[in-house]
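Dear colleague,

Please find the structure below. My notes on it follow.

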Amino acid sequence: MPKHLFITLFALLGISTAVSAQGLAQEIGIYAGPVTLQSDFGERNNFDNNVGNTGFGIGIMHFINFSANNNRENYFTEHFKVRSDLSYSKTTLKHHGQWVDYKPNGVFATQLRNMHASSSIVSLGAQMEFSPFMKIHDFENTVGSFSPYGALGFQVSYYSAKVGSHLGDITLPANTPGKYLTPSDGRAHGFSTETGIALAATATVGVHYKLTEMSDLMFETRFHMYSSDWIDGLNPNKDIYKENKSNDWQVWFNFGYIYYLEF
């Protein structure tokens with residue numbers, strides 16, 4: 001993990017210490033679930049592609065709860081929390097869809113079918129979580145209750161992408177379609193085995209379930225839109241291949257457990 005993430009982590013720990021000094025409550029938790037990376041591998045909006053390019057993610061989270069130790073009730077303290085996350089995901093990628101299935105014994109389809117990649121991502125960031133339908137105090141005091149929520153935030157992500165071909169040297173025209181051999185975005189080709197840093201905007205929808213007085217369960221769907229199109233290791237030249245216009249993005253389906261440090 002690069003020094004940028006260490007610096008951000010220490011900053012979050014400093015904020016956590018300051019929060020404790022102010023008497024605000026805190027929660028910690030863990031989560032895990034399947035992750036799908038929407039990228040330049042495969043056909044966009046193709047079911048086989050979405051299912052086939054699914055990996056797994058795991059993370060830890062920390063909440064600053066403005067309500068639990070606050071007797072001065074107002075709308076902000078009763079409906080908002082600040083959440084920070086440290087997460088890891090890995091996805092194995094292949095081409096799926098009509099261009100692989102059409103004329104499967106053809107040269108182009110064979111080249112696509114034999115391309116492969118993996119993308120590992122370590123992310124650190126924060127979100128503002130909003131629970132619109134139920135006050136936080138009411139939820140905390142009602143075991144068995146549900147509280148839907150939404151959240152917006154940002155993350156700093158360290159990614160490591162590895163790209164290759166089962167046919168052999170991926171830089172050879174005999175093994176790789178010309179689309180991916182054309183120089184792109186400062187790289188020698190439209191693919192790159194590399195590591196780097198990217199920012200991500202995040203959006204989340206989910207629900208908390210009050211398991212016990214001091215713990216919750218959660219389920220959520222979270223979207224990451226990255227500032228880079230190299231997360232998967234592929235980025236065909238956008239000036240030539242107009243269909244590859246979007247940066248990589250990711251969808252998480254998380255199940256989690258949250259424990260209250262103070263109440």
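Contacts of Ala117

Leaving aside neighbours within four places in sequence, Ala117 is in contact (heavy atoms within 4.5 Å) with Phe41, Thr91, Thr92, Leu93, Lys162, Val163 and Asp232. This is a predicted model, in which local features need pLDDT of at least 70 and side-chain atom pairs count only at pLDDT 80 or more, while totals for chains, interfaces and linings use all residues. Residues are numbered from 1 along each chain as its sequence is written, and side-chain values use heavy atoms, with hydrogens and water left out.

Ala117 belongs to strand β4 (strands are DSSP runs of E, at least two residues, numbered from the N terminus). Of the 16 residues of β4 (115-130), 13 are buried. Strand β3 (80-94) is antiparallel to β4, with 15 bridges (two strands pair if DSSP finds at least two bridges between them); Thr91 is the bridge partner of Ser119. On β5 (146-165), 16 antiparallel bridges pair with β4, including Ser120 with Ser160.

The whole structure has 10 salt bridges (a side-chain nitrogen of Lys or Arg within 4 Å of a carboxyl oxygen of Asp or Glu). One of them joins Arg83 and Glu220 at 2.8 Å, N to O. Arg83 lies in β3 and Glu220 in β7 (215-226), so this pair ties together parts 137 residues apart in sequence. Both residues are buried.

Regards

Definitions and conventions. Buried means under 20% relative accessible area, exposed over 50%, partly exposed in between (1.4 Å probe, protein chains only). Helices (H or I, at least four residues) and strands (E, at least two) are DSSP runs, numbered from the N terminus.
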